[in-house]
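Good morning, and thank you for making the time.

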Amino acid sequence: MKKIAVLTSGGDAPGMNAAIRAVVRKAIYEGLEVIGIEHGYQGILEQRFQPMTLGSVGDIIQRGGTMLYSARFPQFKEDAVQQQAIDILKKHNIDGLVVIGGDGSYRGAMSLTEKGFPCVGVPGTIDNDIPGTEYTIGFDTALNTVMYSIDKIRDTATSHENSFIVEVMGRDAGDIAVWAGVAAGAETVVIPEVDFNVDRLIQRLTKSAMRGKKHSIMIVAEGVMSGHDLAKLLKEKAQIETRVSVLGHMQRGGSPTARDRVLASQFGARAVELLIEGKQGVAVGVRNHVLVDYDLPEAYENKHQADTKLYTLSEQLSI
Ligand code: ADP
Ligand code: F6P
């Protein structure tokens, strides 16, 4: 390994910059050259390569987003496009690639590895939905953003005795919803991993209203239904009035928390070590506070599991 490249792909996540910085600085520390590829896999095809120096990653550790830009590039599923990408990487004398992204990006990385180009994956997504690692870069920041937003919503919900539905991100995963539910003390959490039962929700709301509760906060993960659809359902079935707040892309932005910066730094540096050690087709992760690496397919062939204990706790604490 003499020269490696790094790219960010899929939805951006706060902390991706800290991971890029770690890849670049660790690689240079180890005597490697590093190329930054802009706009994910699309950038390989477009040859959007920039040589990275110690200085090019200065002043980015505290910034959200990704200085290398990200992209969704569906054409990368095609074998011919992947082969073309490998030819371009080889033409630039690049020996290995660090891919920072989610499970879709990991599939791309594995395809390149299977075709003979060594890749290592770094988990970057606010959804925290990559099997094999307990945390992904960006989750903690997004969670804190949601928690502080709900704290603010709670102020007005209390003052006006309103019920609120807060729609959070998570197409297939309820981690943001469940963790925010516990952290912000929401009354109800609706997530994709647990079958939604509107009658049960109405029962819970009615019960708490009967014991004098004047306001409530419900969190719904976007993957189950939109906040507005849930509001409509509650209105139609039980004449329950709610206000809806859709947090949207604000969850993806902002300065990363200390936890995300540290995790991203550890993951980025470890990814470089793995390439130097000759490992490929693997992803880095963390389990029980220990850094691990495992085969990329484990991340996308297995299903993400919700933290059912935490979900149950959120239900128990909001009776
Ligand atoms: P994430 O990486 O956050 O899960 P996506 O699922 O959108 O986000 O994937 C990001 C990019 O990874 C896609 O736009 C595409 O370029 C690449 N990708 C996704 N799935 C595959 C696949 N099956 N094979 C090759 N590349 C893929
Ligand atoms: O995967 C991260 C994520 O933010 C999901 O939570 C969300 O469903 C999706 O990306 C939104 O993607 P886009 O910004 O392309 O609409």
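**Charges, rings and a ligand**

Let us begin with Arg287, whose charged end sits over the ring of Tyr294, 5.0 Å from the ring's centre. A charge counts as sitting over a ring if NZ of Lys or CZ of Arg is within 6 Å of the ring centre and within 35 degrees of the ring normal.

A word on conventions. This is a predicted model, in which local features need pLDDT of at least 70 and side-chain atom pairs count only at pLDDT 80 or more, whereas totals for chains, interfaces and linings use all residues. Residues are numbered from 1 along each chain as its sequence is written, chains are lettered from A and ligands numbered from 1 in the order in which they are written, and side-chain values use heavy atoms, with hydrogens and water left out.

A further case of a charge over a ring is Arg259, which lies over the face of Tyr135 at 4.2 Å from the ring centre. Rings of Phe, Tyr and Trp (its six-membered ring) pair if their centres lie within 6.5 Å; planes under 30 degrees apart count as stacked, over 60 as edge-to-face and the rest as tilted.

How are the rings of Tyr41 and Phe76 arranged, stacked or edge-to-face? Their centres are 4.1 Å apart and their planes at 5°, so this pair is stacked. It links distant parts of the chain: Tyr41 belongs to helix α2 (residues 40-45), and Phe76 to the loop between β3 (49-52) and α3 (79-91), 35 residues apart. Helices (H or I, at least four residues) and strands (E, at least two) are DSSP runs, numbered from the N terminus. Both Tyr41 and Phe76 are buried, where buried means under 20% relative accessible area, exposed over 50%, and partly exposed in between (1.4 Å probe, protein chains only). Ring pairs also join Tyr41, Phe73 and Phe76 into a cluster.

Returning to Tyr135, its ring and that of Trp179 have centres 6.0 Å apart and planes at 75°, so they form an edge-to-face pair. Trp179 is partly exposed, with a relative accessible area of 25%.

We turn now to the ligand. Around ligand 2 (heavy atoms within 4 Å) are Arg72, Thr125, Asp127, Met169, Gly170, Arg171, Glu222, His249 and Arg252. Polar contacts here are pairs of N or O atoms within 3.5 Å. Oxygen atoms of ligand 2 lie 3.1 Å from a side-chain N or O atom of Arg72, 2.7 Å from a polar side-chain atom of Asp127, and 2.3 Å from a side-chain N or O atom of Glu222. The protein covers 76% of the 400 Å² of accessible area that ligand 2 has on its own (Shrake-Rupley method, 1.4 Å probe).

Finally, the salt bridges: a side-chain nitrogen of Lys or Arg within 4 Å of a carboxyl oxygen of Asp or Glu. By this rule there are 16. Asp79 and Lys115 meet in one of them, at 2.8 Å, N to O. Asp79 lies in helix α3 and Lys115 in the loop between α4 (103-114) and β5, so the bridge ties together parts 36 residues apart in sequence. Asp79 is exposed at 53% relative accessibility, and Lys115 partly exposed at 28%. Shared partners join Lys26, Glu30, Arg270, Glu273, Glu277, Lys279 and Asp293 into one salt-bridge network.

Conventions:
Polar contact = N/O pair within 3.5 Å; in protein donor to acceptor, adjacent residues only side chain to side chain.
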